[in-house]
Amino acid sequence: MAIPYPQLFATEKPAMEVGLPSLSPPLSPSPVILTQDDLKKIAAYKAVEYVESGMVLGLGTGSTAKHAVDRIGELLRQGKLKNIVGIPTSKKTHEQAVSLGIPLSDLDTHPTIDLAIDGADEVDPSLNLVKGRGGSLLREKMVESACKRFIVIVDDSKWVRFIGESGLAMPVEVVPFCWKFSAKRLQNLFEYAGCVAKLRTEKESSAQPFVTDNGNFIVDLYFKKDIGDLKIASDKILRLAGVVEHGMFLDMASTVIVAGELGITIKHKEDHHQE
Ligand SMILES: O=C[C@H](O)[C@H](O)[C@H](O)COP(=O)(O)O
């Protein structure tokens, strides 16, 4: 069941119009207007409640994770969190964390991470994820597979019944060498699902390949049908020489925090139970 929230994030911006249940102290009777970004921020702030002083933290990437990193920076500045070490999952998050004064380290020095907080592009009921539509996935997967607890933060548009339901891209990071060859082989792997493989470009209108933080390219896979068993699909992709990593994060999330119109829903891996 969703935990309703008070009108902390009311905004004038055009957005979903929602009538939230009344809470104590009494709220204004007018409907709260929450943007998608407000929902991302609500999920992010909730996740940061799990952060404790002294933790080694995986710092995620993307518009949702950005709010979590901002909040961690704010709590550090206020002295409410102490002795935090952050491991960023992208160059962009590294820059953001530096600008906020968050002490940083890496996996070489801190091979075990207490908690990572990151967004996702799709989340299914078993808490499997698609990530990387923003261009980051390899560093995220390295950091998030090294953590004791991985909290995923999303607005409810990311919630799907099965991975691939959105019809949007499933990103695969490939080495630039003969990327067309790799794209073709990826497409062939999933011929049964009507797969189309496309090179990610800087802009939709340009032919300039998007280059990841690791100097690689991204091939986006679009499926017309269900790809079937995700673990089998993952293994098939990873067996292709030239593939570095893919955006399916299977069996990695411990908790998913979903912010929706009526409140927050928290789903835990261990029991699929909702708070
Ligand atoms: O490539 C980007 C990362 O995997 C992001 O965590 C993911 O795309 C979700 O991003 P956002 O919070 O901006 O929707």
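Me: Which helix gives the most to the shell around the ligand?

Reply: The general idea is that helices (H or I, at least four residues) and strands (E, at least two) are DSSP runs, numbered from the N terminus. Here helix 2, residues 63–77, gives the most to the shell around the ligand, with three residues. This is a predicted model, in which local features need pLDDT of at least 70 and side-chain atom pairs count only at pLDDT 80 or more, while totals for chains, interfaces and linings use all residues. Residues are numbered from 1 along each chain as its sequence is written.

Me: Which residues around the ligand come nearest, and how is the shell made up by class?

Reply: A residue is near a molecule or strand if its C-beta atom, placed from the backbone, lies within 6 Å of it. There are 18 residues around the ligand, of which G62, S63, T64, G119 and G134 come nearest. By class, the shell has three nonpolar, 10 polar and five charged residues, where Ala, Val, Leu, Ile, Met, Phe, Trp, Tyr, Cys and Pro count as nonpolar, Asp, Glu, Lys and Arg as charged, and the others, Gly among them, as polar.

Me: Into which domains is the chain divided, and how many residues does each bring to the contact?

Reply: Domain bounds come from an automatic or database domain assignment, and here they give domain 1 (36–156 + 249–268) and domain 2 (170–242). The C-alpha centres of domain 1 and domain 2 lie 25 Å apart. The contact takes 12 residues from domain 1 and 11 residues from domain 2, two residues being in contact if their C-beta atoms, placed from the backbone, lie within 7 Å. On the side of domain 1 that touches domain 2, the classes come to four nonpolar, five polar and three charged residues.

Me: How many residues does the largest nonpolar core have, and which have the most contacts inside it?

Reply: A nonpolar core is a set of buried Ala, Val, Leu, Ile, Met, Phe, Trp, Tyr and Cys residues joined through C-beta atoms within 7 Å. A residue is buried if 20 or more other C-beta atoms lie within 10 Å of its own, exposed if 12 or fewer, and partly exposed in between, with C-beta atoms placed from the backbone. The largest core in this structure has 65 residues, and A43, L57, I72, V152 and I153 have the most contacts inside it. Helix 1 (residues 36–48) brings the largest share of this core, seven residues, and at least three residues come from each of domain 1 and domain 2. Leaving aside neighbours within four places in sequence, I72 is in contact with V48, V51, L57, L81, I84 and I102. Over the chain of 275 residues, 42% are buried.

Me: How is an open sheet read, and what order do the three strands have?

Reply: Strands of a sheet pair through backbone hydrogen bonds, either parallel or antiparallel, and two strands pair if DSSP finds at least two bridges between them. In this open sheet the order is 6-7-13, with antiparallel pairing. Strand 6 (122–123) and strand 13 (248–249) stand at the edges with a single partner strand each, so one side of each is left without a neighbour in the sheet. Two bridges join strand 6 to strand 7 (residues 129–130) in the antiparallel sense, with L129 as the bridge partner of V123.

Me: How many residues lie between strand 14 and strand 15 in their hairpin?

Reply: The hairpin of strand 14 and strand 15 has two residues between them. Six bridges join strand 14 (residues 255–260) to strand 15 (residues 263–268), which run antiparallel, and I266 is the bridge partner of I257.
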